[in-house]
Amino acid sequence: MRHKKLFAILTIVGLLTTGAQAQQLTTSGTFLDIFSPEVPVGITIGQGVSYAFPSNLKNGVNGDVSVMELETTLSYKKAWNENRLNVTFNYGYSDYDWSGGATSYFSDVNQIELSAIYQYQFEDSDWGAYAMASGSLGAESGDASLTGGDSYSASVGASYEFFKNFSFSFGVLVISNLEQSVRYWPVAFIEWKVNENLRVRSFNGITLVYDLNADQETILDFTVQYNSSSFQLNKQYVAAASSEVNPSVEAQSVSATLGVTHRFGGPFYVRAFAQGDFFREYDFRANRNKYQTIKAEPGATLGFEIGASF
């Protein structure tokens, strides 16, 4: 039976950064991170830090915004035959700094997420299937509730290997974000193992992974992708709602990330990345209605992570 690769999906990752940054950690549960670079079978724990440099706000809004983020990730991966299970827990803390005359729209945000992805390959067949479920909680420090800042996503679908080392997958994605109706999206993506060194994958973006010596010791990765996350804010008066409420924020961006990961002889690894953040915006909602959008100029993020796999 030929070896098959089957994609997994996770579009909403609540504890990754919002529009101002969107770092990609080795152990993270996002779709592109699951294989970029490859997470070894077993348990992997990582601790990351990143800083998004100040960027000017747009459309006549004064000031700028920068973000410092800490992220802890615990991942468990099991593989048997050609089937795989990946369970990931993330905790993230983001400290937003609105300066240069900007209104302090929100400050520090805590977010946690749990995701599980199962990939199944039918025996002696070019067909496979996958199932994914994810839940995230996010809230600004203060009177906002983590449990009130819940978002969910799920996806199921199938994959087909058209030729050796090239798979095409398709399915449906269901998203439930704060203050929004449930949304359904058809999805399609590819995975192509070009050779022992280079892999190409796509979904909410595209990633190229290059293993310098085909031994998973030093790996380069380049990713362009769409990012989105949601969290609840502290109670405040919202004119559009004519009352005091806990509004929510959906932060969106497109990022281009170049990273390098080096694994040492033992279980430890380090990763560094540089990132450009584009088309960034924060959509504020209350009572399911969007009442404000804040946009930011393109910016830059630098990040670093250390971790170990067992």
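**Close-up views of a predicted model**

View 1: Tyr51 counts as partly exposed because its relative accessibility is 28%; under 20% is buried, over 50% is exposed and partly exposed is in between (1.4 Å probe, protein chains only). This is a predicted model, where local features need pLDDT of at least 70, side-chain atom pairs count only at pLDDT 80 or more, and totals for chains, interfaces and linings use all residues. Residues are numbered from 1 along each chain as its sequence is written, and side-chain values use heavy atoms, with hydrogens and water left out. Rings of Phe, Tyr and Trp (its six-membered ring) pair if their centres lie within 6.5 Å; planes under 30 degrees apart are stacked, over 60 edge-to-face, and the rest tilted. That rule gives a count of 22 aromatic pairs. One of them joins Tyr51 and Phe53: the ring centres are 5.0 Å apart and the planes sit at 80 degrees, so this pair is edge-to-face. Phe53 is partly exposed too, with 38% relative accessibility.

View 2: At least two patch residues come from each of strand S1 (42-56), strand S2 (64-80) and strand S3 (83-99). Strands (E, at least two residues) are DSSP runs, numbered from the N terminus. Phe89 sits in strand S3 and is partly exposed, with a relative accessible area of 39%.

View 3: Two strands pair if DSSP finds at least two bridges between them. S3 runs antiparallel to strand S4 (residues 108-121), and 12 bridges join them; here Ser94 stands opposite Val109 in S4. How many bridges join S4 to strand S5 (residues 127-140)? There are 13, again in the antiparallel sense, and along this pairing Ile112 stands opposite Leu137 in S5. The hairpin of S4 and S5 has five residues between the strands, and Asp124 there takes a positive phi near 55 degrees.

**View 4: Salt bridges around Glu191.** The whole structure has five salt bridges, each a side-chain nitrogen of Lys or Arg within 4 Å of a carboxyl oxygen of Asp or Glu. Glu191 reaches Arg201 with the closest N and O atoms 3.2 Å apart. That pair links distant parts of the chain, 10 residues apart: Glu191 is in strand S8 (residues 183-193) and Arg201 in strand S9 (residues 198-202). Glu191 also forms a salt bridge with Arg199, this time with the closest N and O atoms 3.6 Å apart. Together, Glu191, Arg199 and Arg201 are linked in a network. What about burial? Glu191 is buried at 2% relative accessible area, Arg199 is buried at 17%, and Arg201 is buried at 1%.

**View 5: Glu196 and Lys193.** Glu196 forms a salt bridge with Lys193, where the closest N and O atoms are 3.4 Å apart. Glu196 counts as exposed, at 56% relative accessibility.

View 6: Ser242 is not a glycine, yet its phi is positive, at about 55 degrees. Find Ser242 in the loop between strand S12 (236-238) and strand S13 (243-245), where it is exposed with a relative accessible area of 57%. Arg288, also a residue other than glycine, has a positive phi near 70 degrees. Its loop runs between strand S15 (268-286) and strand S16 (289-296), and Arg288 counts as exposed at 53% relative accessibility.

Key:
Helix = DSSP H or I, 4+ residues; strand = E, 2+ residues; numbered from the N terminus.
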